[in-house]
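This report goes through one protein chain part by part. Please keep the sequence and the model in view while reading.

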Amino acid sequence: MPSSKPDTELEYLLKLRLVVARFGEMDYAMWWNTQSMLGQLGKMALSRGLPKTHLFAQARVVFSVARSRCAEVFDPPGCMTLWYLPANIEDEFETQWQSWLDDIDTWVPFFEALETRRGDDLLQLLEELTLVSSTQSETVRNLRRSAEGRAVQLPGLCSPDADTFALLAAGFSKGEPGNPVVPYARLEHTA
């Protein structure tokens, strides 16, 4: 079956997940229990045993922890989050993983930028990396946390596309140190 998402959109999703995953680590926002796994500590811990693929091994670890932590905080039924997209997209993302490993040199600069970049404003970081537009930033600035403070709902019904991925990632900026919020979107079409 042919892919329904272009490779560039899946690469964009990977970059968004990497930025949010790194930002949520204990040495930044303290949202999930990984300590600089996408930073220098993770690199030192994994590069010796996985000299060529350690960057993506680091990412897998943090993605798994972030996915689990977000599900603990808020797990909306029938919705998508940055870590839980429709199954066909998650399958395509996993299929694309090997291609990214085969082209690791292309990804090294992005991973290195995440290691060294500092700051306490996720939305600003996403803007600096040109991963969100000014329109998307404005949309996120206008979002409100839920009454219990654990979630942020994107407006309307959404389809799983690059714009929604960007808003799901940027919506994490509504969290506070040690207190993540889970941005979510109601699906436009449910199967």
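## Two residues with positive phi

Thr-130 lies in the loop between α6 (122-128) and α7 (134-141). In this predicted model, the phi angle of Thr-130 is near 50°, a positive value in a residue other than glycine. Thr-130 is exposed, and its relative accessible area is 66%.

Ser-36 also has a positive phi, of about 55°, although it is not a glycine. This serine is found in the loop between α1 and α2 (40-47). Is Ser-36 buried or exposed? With a relative accessible area of 7%, Ser-36 is buried, as the cut-off for buried is under 20%.

## The chain as a whole

The protein chain has eight helices and three strands. Read from the N terminus, its elements follow the order α-α-α-β-α-α-α-α-β-α-β. The radius of gyration is 16 Å, close to the 16 Å that the globule rule gives for 191 residues, so the chain is as compact as a globular protein of that length.

The C-alpha atoms fill a box of roughly 45 × 40 × 30 Å along the principal axes. Of the 191 residues, 49% count as buried. Among contacts with a separation of 6 or more, 72% are accounted for by residues 24 or more positions apart.

## The nonpolar core

How many residues does the largest nonpolar core have? It has 64 residues, and those with the most contacts inside it are Leu-14, Leu-18, Val-19, Trp-32, Phe-63, Trp-83 and Phe-172. Helix α1 (residues 7-23) supplies the largest share of this core, 10 residues.

With residues up to four places away in sequence not counted, Leu-18 touches Leu-38, Ala-59, Phe-63, Phe-110, Phe-111 and Leu-114.

## Helix α1 against helix α3

Helix α3 covers residues 54-73, and its axis comes within 10 Å of the axis of α1. The two axes cross at roughly 70°. An angle from 65 to 115 degrees counts as roughly perpendicular, and α1 and α3 are therefore roughly perpendicular to each other.

On the α1 side, the residues in this contact are Leu-14, Arg-17, Leu-18 and Ala-21. They meet Phe-56, Ala-59, Val-62, Phe-63 and Arg-67 in α3. By class, the contact of α1 with α3 has seven nonpolar, no polar and two charged residues.

## Helix α1 against helix α4

Helix α4 (residues 87-102) is another partner of α1, and the axes of the two helices come within 10 Å. Here the crossing angle is roughly 90°. Helices α1 and α4 are therefore roughly perpendicular to each other.

From α1, the contact is made by Asp-7, Leu-10, Glu-11, Leu-13, Leu-14 and Arg-17. From α4 come Ile-89, Glu-90, Glu-92, Phe-93, Gln-96, Trp-97 and Trp-100. The classes in the contact of α1 with α4 are seven nonpolar, one polar and five charged residues.

## Two buried glutamates

Glu-90 is found in helix α4, where it takes part in the contact with α1. Glu-90 is buried, with a relative accessible area of 15%. What does Glu-90 touch, not counting residues up to four places away in sequence? Its contacts are Arg-17, Arg-67, Trp-83, Tyr-84 and Leu-85. Of these, Arg-17 belongs to α1 and Arg-67 to α3.

The place of Glu-9 is in helix α1. Glu-9 is buried, and its relative accessible area is 15%. Leaving aside neighbours within four places in sequence, Glu-9 is in contact with Pro-160, Asp-161, Ala-162 and Phe-165.

## A proline in strand β2

Pro-155 lies in strand β2, which covers residues 151-158. With a relative accessibility of 51%, Pro-155 counts as exposed, since the cut-off for exposed is over 50%.

How far apart are Pro-155 and Phe-172 in sequence and in space? The two are 17 residues apart in sequence and 15 Å apart in space, C-alpha to C-alpha. Phe-172 is one of the residues with the most contacts inside the largest nonpolar core.

How values were computed
Residues are numbered from 1 along each chain as its sequence is written. This is a predicted model: local features need pLDDT of at least 70, side-chain atom pairs count only at pLDDT 80 or more; totals for chains, interfaces and linings use all residues. Side-chain values use heavy atoms; hydrogens and water are left out. A nonpolar core is a set of buried Ala, Val, Leu, Ile, Met, Phe, Trp, Tyr and Cys residues joined through side-chain atoms within 4.5 Å. Buried means under 20% relative accessible area, exposed over 50%, partly exposed in between (1.4 Å probe, protein chains only). Helices (H or I, at least four residues) and strands (E, at least two) are DSSP runs, numbered from the N terminus. Contact means heavy atoms within 4.5 Å. Axes are lines fitted to C-alpha atoms, for helices over the stretch in contact, and angles run from 0 to 180 degrees between N-to-C directions. Angles under 35 degrees count as roughly parallel, over 145 as roughly antiparallel, 65 to 115 as roughly perpendicular and the rest as oblique. Ala, Val, Leu, Ile, Met, Phe, Trp, Tyr, Cys and Pro count as nonpolar, Asp, Glu, Lys and Arg as charged, and the others, Gly among them, as polar. The radius of gyration is taken over C-alpha atoms; the globule rule is 2.2 Å times the number of residues to the power 0.38.
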